[in-house]
Amino acid sequence: MPSEGGAGPLIRIENVSKSFGTFKAVDDVSLNIEKGELFALLGGSGCGKTTLLRMLAGFEAPTAGKIFIDGQDMAGIPPYDRPVNMMFQSYALFPHMSVEKNVGYGLKHDGMTSAQRTDRVKQMLDLVKLTDFAGRKPHQLSGGQRQRVALARALAKQPKLLLLDEPLGALDKKLREHTQFEIMSIQEKTGITFVVVTHDQEEAMTLASRIAVMDHGKIKQVGTPTDIYEYPNSTFVAGFIGSINMFDGEVTKTSGDVATVQIAQLGGPIMVPAADSLSAGTKISIAVRPEKITISRSRPKGPNSFSGTVKDLGYFGKDSLYRVKMPSGTLVMVNSVNARRAAESERVAQWEDDVWISFDPQSAIALKG
Ligand SMILES: Nc1ncnc2c1ncn2[C@@H]1O[C@H](COP(=O)(O)OP(=O)(O)OP(=O)(O)O)[C@@H](O)[C@H]1O
Ligand SMILES: [Mg+2]
């Protein structure tokens with residue numbers, strides 16, 4: 001067993017469950033988080049994200065399982081004795097205190113001299129770029145600035161681990177995006193391990209070095225943003241992250257590294273990369289991201305080409321979203337980048353045009369459940 005401060009992951013969660021009465025809010029979660037990671041817990045409302053965070057912080061005790069932080073078993077250790085700080089879902093600042101006082105608040109009982117406290121507060125305000133706002137009260141700040149005060153306050157005690165519950169939830173889209181990059185840069189500068197809870201998949205993809213996708217108290221997949229997006233392990237994760245076309249099919253044959261899958265919704269067979277688990281007769285789902293599908297007026301060479309009719313066309317400037325209706329009635333989403341400047345009449349396809357859609361076999365994700 002690793003000793004305190006030794007090698008090994010900063011957080012080890014081993015078969016942790018939390019029940020409220022008969023309801024399991026967190027269900028047999030096992031997870032390691034390394035030192036210096038910016039880790040995201042991603043999942044829909046009520047899936048157990050906050051509950052898991054509260055158990056890490058010590059506000060809630062697991063019903064079963066163990067949590068180790070820096071090699072130390074956290075059972076029975078109260079929040080204030082853990083090397084952890086938590087920024088809550090609604091980061092309440094003290095309204096009557098200045099920015100400076102808010103940031104320094106948690107340091108009072110830390111045995112620091114007042115000079116040390118002043119220094120630390122200065123450092124933190126510098127880090128979140130609020131030095132010029134030190135004397136203001138929270139109501140004299142913008143939402144994003146208030147969020148940074150809360151972050152500075154949480155960082156002031158220099159915890160080994162900072163838990164952030166929906167840190168950007170209160171901000172509008174533009175400010176969110178901007179603040180995401182600030183959080184990343186602050187995390188890099190301090191080297192503190194961050195665990196960020198979010199229900200926003202784009203935010204998790206932007207921020208995190210690794211993501212755990214949660215559903216109904218369970219972790220469905222853990223991986224880098226690329227893993228989760230390009231190699232989802234289930235229809236749930238595939239559908240939760242980004243938009244995706246999902247087809248039901250049955251493997252008709254496999255030969256070499258190619259499997260052939262009959263898809264009624266597309267009106268024909270498609271080729272997908274063969275995997276060990278695929279054999280003739282296997283029922284599977286095939287997922288294809290809209291941006292992996294090409295739309296064209298003439299029939300493309302190669303496999304996985306189908307004809308349909310454009311039913312919807314959304315022009316978003318940098319890209320266009322098409323919905324192409326197949327003879328089966330299925331609508332296929334196609335996202336195409338508008339790399340060239342083109343008049344409307346020059347675009348690949350118009351409303352009601354007969355078109356071809358196609359995708360590379362490598363872009364098809366075969367999923368069993
Ligand atoms: N103290 C409690 N008593 C009973 N049930 C609770 C308690 N705390 C949480 N729950 C339930 O546990 C489940 C998980 O709650 P949790 O707050 O962890 O969800 P969440 O993933 O953070 O959701 P959100 O994104 O909405 O914040 C929910 O169904 C919630 O109602
Ligand atoms: Mg929550």
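Guide: Strands here are DSSP runs of E with at least two residues, numbered from the N terminus. The model is predicted. By that numbering, Asn15 sits in strand β1, residues 11–20. Its phi is near 50°, a positive value in a residue other than glycine. Most residues other than glycine have a negative phi. Is Asn15 buried or exposed? Asn15 has 12 other C-beta atoms within 10 Å. Exposed means 12 or fewer, so Asn15 counts as exposed.

Lys129 also has a positive phi, about 55°, and is not a glycine. Lys129 lies in the loop between α3 (114–127) and α4. Its C-beta neighbours inside 10 Å number 13, so Lys129 is partly exposed.

The largest nonpolar core has 89 residues. Ala40, Leu56, Ala152, Leu163, Val195 and Val196 have the most contacts inside it. Helix α4, residues 143–156, gives the most to this core: seven residues. Domain 1 (11–239) and domain 2 (243–367) each supply at least three residues to the core. Take Leu163. Leaving out residues up to four places away in sequence, Leu163 touches Leu53, Leu56, Ala57, Val84, Met86, Met87 and Val195.

Last, the ligand. Around ligand 1 are Phe20, Ala25, Gly43, Ser45, Gly46, Cys47, Gly48, Lys49, Thr50, Thr51 and His199. Helix α1, residues 49–57, gives the largest share of this shell, with three residues. By class, the shell around ligand 1 holds three nonpolar, seven polar and one charged residues.

Methods: Residues are numbered from 1 along each chain as its sequence is written. Chains are lettered from A and ligands numbered from 1 in the order in which they are written. This is a predicted model: local features need pLDDT of at least 70, side-chain atom pairs count only at pLDDT 80 or more; totals for chains, interfaces and linings use all residues. A residue is near a molecule or strand if its C-beta atom, placed from the backbone, lies within 6 Å of it. Helices (H or I, at least four residues) and strands (E, at least two) are DSSP runs, numbered from the N terminus. Ala, Val, Leu, Ile, Met, Phe, Trp, Tyr, Cys and Pro count as nonpolar, Asp, Glu, Lys and Arg as charged, and the others, Gly among them, as polar. A nonpolar core is a set of buried Ala, Val, Leu, Ile, Met, Phe, Trp, Tyr and Cys residues joined through C-beta atoms within 7 Å. A residue is buried if 20 or more other C-beta atoms lie within 10 Å of its own, exposed if 12 or fewer, and partly exposed in between; C-beta atoms are placed from the backbone. Domain bounds come from an automatic or database domain assignment. Two residues are in contact if their C-beta atoms, placed from the backbone, lie within 7 Å.
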